[in-house]
Every structure is written in structure tokens, then in C-alpha cells.
Amino acid sequence: MKRLPLSILMAAFFGWLLWSVSLRQAALFLVGIGLGAILAGQRFGFTTGWRMLVEDKDPRGVFGQLLLLALAAAMAMPLLGHYPELTAALGPPSISLLVGAFVFGLCMQIADGCGSGTLYKAGMGIPMNTAILPMFAIGSFLGSLHLGWWLDLGRMPAVGLVSTWGWLPALLATLAALAVIGWAVKAYCDKANAKADSAQQRSTPGLWQRKWVMGAIGLAIFATLNLVIAGQPWGVVYGFGLWAAKVASGAGMVDLAGNWFWSQPGNAQRLQETVLLDITSITNIGILAGALWIAAGKPAAAKALTGTQWLVALVAGLVLGYSSRLAFGCNVGAMLSGISTGSIHGWIWVPLAFVGTIYGLRIRRHFGF
């Protein structure tokens, strides 16, 4: 579909949301379009950035993510400190978080996308990610069914730095920690590249690349708009699980009334409402639309996969969804929104997911992705 008719359809849907649903949901649809356009237009991939660091000793993707975290925190934390009606992306430190983060980091490299990556690449029409998206949704739903059991294995109360320390100390501590990580990443890349064959004259690439910088700035702005308009940080995976839950419940496949997760008042209410009233769902729809608009008229470039690769990718997508629910989010909900709003669980998520990524890259190479 070309951009003009697609733009007309998107404008019509926005108008219908504004007229029939609410101003807030219509505005969040626009926020989602912005997020999707930036993710697809700049190809800002959290998964790709980590892979560049591990495999190529190229820090530019990770530095882009560090910039995003710093900008998002600088905008979100003062807002949280001054407006108590806004909520942080809090998750409890738990066995569930530890297992989920590691497995998510492993599977996102095999599936070539985290939650936002799977979403925007599906919007661009990339076949593997398009097929993985429903598997991700099913996995997220299955994870929600078992989350109560996982939390019973051991958990601690969620900790928010803004509410504990105040927004300014929380922000300064966050920026300092990000600076230390940036220094460590640069030192690692410099050392690794210095050991490369001198005949290759290999050196560490520059720390900044335009697409990562522009992507970081744009995503930070739209993530902050999401916080202000929705009253909660940007998330992705909840919407996936909700879609699958509504299908399974509506088809009579499962009774969710007695489930720990879906019997929570807010979740039970969303099961009864249209998905267009769900904050995460409407931004996800916007992300798909924004990515589709960027890719309009352009064929999606993708390498053909073998039958084995398809099977491995689809299984990885299913487990990716399951682990994202256990970890209370993906690179967006746990890392970006968690860290930028001061949640301790975001800082726990990152190293475990990164270790998982190292093993996931080995599996990815083994199957020839």
C-alpha cells in the first residue's frame, strides 16, 4: 500500500478513536505511530545494538541505548517527582525476574527482535517477525497464566528510586550508573579491537552514529509523551498477552476468573473491554501503523529461511513471549521504562538479559541465522 491511502486510513482511524473512544486513546495512537516510525525509520533495534557489541565490538548501538535511557530518565523522573498521579514501571525482584530476563535475552537474538523489534518489523512486513508476533502473544499469555506460581518461588517488594530517594538523587544516580556503563563498554571495545590482527588495521568505531542518536532522541520524546498522556510508562508485551487472553477466553478455551494474574481488578476489567481502551494495545497498534507507513511501497528485505530455521524461530518467539511476562517486560517495559522511571528491577533485568544474549548468539550462529 502506498503512503497516501495509508495516511488517509490512519487519519480516519484516529478520527474514529477521537469520536467513538476517547481523546486519550486517539492521542496514544499518534504516540504509537511516532514510536513505530522512529523504530522503523532509524532501524533502532535493541537486539541489534547488543549483537553489534558482542559480535563486532561496535559500541554505537549500545551508546545509542545509553543516550535513550539518559534522556528518558531526565524527562521522566522530574515528572514522577512532581506529579504523583504518574506511575513508574515497577517490578518486584524475584525468581521470576531472574529466569525471565535471562531467557528473554537468549531468545530475542534467535528471534531477531525484542518486543518492540518484533512489532515494528512485523509492521514492515518482514516474514519471520510477522510469523513470530502471534507466537509472542501466545507465549505472553501462557506466562501470565503461570506468573502467580513463579512469584510464589520467591520475591521482594518492588523498589522505586524516585519514591525512595526523591527524583533528583534518583536521576543523578541513574546518570552516573549509565556513564560508568558507557566507560566500561568503550574500554571493552578498545581492548578487544586492539587485539585484532594488525594487518586489518582494526579500530573501535566512533561512539555515535546519526541513526542511533536521532532514534534515541525521538524515542525518549515519545516515551515521555506516553507517560504524560497515559499516566504510565511505555510498554509493549502486556498488549500481546491481552490479545491472546481475549481470544482464548472469548473462544471458551480457558476460564480466567480464577487465575491469579487475570483476576486482578485491572486485568479483569480489560478482559471485558475492547482492546481499544487498553493503553498498551493502542500504542502497539500505532507502532504497527507507523512502521507500515515507513515501509509503504518498499518490499521487505529478508533472507530466506530453511524449515529448521523457521521452527527454531517460532519456538524462540513463543518462549520470548513467555519469558517477557515473567520478567515484567522486555527491552522497553523492563529496561527503558524500568530504568528511566527508577525501578530497581530494570537494573537487575539488563545484566541477566545480556548474559542470555551471549548464549543466544551462539545458538543463532549454530542454526545459521
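Is phenylalanine 44 buried or exposed? Select phenylalanine 44 and find out. Phenylalanine 44 has 0% relative accessibility, so it counts as buried. Keep in mind that you are looking at a predicted model.

**Stop 1: aromatic pairs**

Stay with the rings. The structure holds 15 aromatic pairs. One of them joins phenylalanine 44 to tryptophan 212. Phenylalanine 44 sits in the loop between helix 2 (23-41) and helix 3. Tryptophan 212 belongs to helix 10 (residues 210-230).

Next, select tryptophan 50 and tryptophan 349. They also form an aromatic pair, and this one is tilted. The ring centres are 6.1 Å apart, and the planes make an angle of 55 degrees. Which helices hold these two residues? Tryptophan 50 lies in helix 3, and tryptophan 349 in helix 16 (residues 344-366). They are 299 residues apart in sequence, so the pair ties those parts together. Both tryptophan 50 and tryptophan 349 are buried.

Keep those two on screen. Ring pairs link Trp50, Phe104, Trp349 and Phe354 into a cluster.

**Stop 2: charges over rings**

Select arginine 3 and tryptophan 293. Arginine 3 lies over the face of the tryptophan 293 ring, 4.2 Å from its centre. Then move to arginine 362 and tyrosine 359. Here arginine 362 lies over the face of tyrosine 359, at 5.0 Å from the ring centre.

**Stop 3: salt bridges**

Side chains of opposite charge can pair when their charged atoms come close. How many salt bridges does the whole structure have? A search finds six.

Select aspartate 112 and arginine 51. Their side chains meet in a salt bridge, 3.0 Å from N to O. This pair links distant parts of the chain, 61 residues apart. Aspartate 112 is in the loop between helix 5 and helix 6 (115-123). Arginine 51 is in helix 3 (residues 46-56). Both aspartate 112 and arginine 51 are buried. Arg51, Asp112 and Lys121 are linked in a network of salt bridges.

Go on to aspartate 58 and arginine 60. They form a salt bridge, with the closest N and O atoms 2.8 Å apart. Compare their surroundings. Aspartate 58 has 8% relative accessibility, so it counts as buried. Arginine 60 reaches 22%, so it counts as partly exposed. Why do these values get separate labels? The cut-off for buried is under 20% relative accessible area.

Then select arginine 270 and aspartate 278. They form a salt bridge too, and their closest N and O atoms are 3.7 Å apart. Arginine 270 is partly exposed, with a relative accessible area of 28%. Aspartate 278 is buried, at 4% relative accessibility.

**Stop 4: a serine in a loop**

Finish at serine 94. Where is serine 94? Look in the loop between helix 4 (60-82) and helix 5 (95-111). Serine 94 has a relative accessible area of 8%, so it is buried. Which residues does serine 94 touch, leaving aside those up to four places away in sequence? Select Leu151, Gly154, Arg155 and Phe328 to see these contacts.

Terms used: Residues numbered from 1 in each chain as written. Predicted model: local features only at pLDDT ≥ 70, side-chain atom pairs only at ≥ 80, totals over all residues. Heavy atoms only, no water. Helix = DSSP H or I, 4+ residues; strand = E, 2+ residues; numbered from the N terminus. Buried < 20%, exposed > 50% of the residue type's maximum accessible area, 1.4 Å probe, protein only. Contact = heavy atoms within 4.5 Å. Salt bridge = Lys/Arg side-chain N within 4 Å of Asp/Glu carboxyl O. Phe/Tyr/Trp six-rings, centres within 6.5 Å; stacked < 30°, edge-to-face > 60°. Lys NZ or Arg CZ within 6 Å of the ring centre and 35° of its normal.
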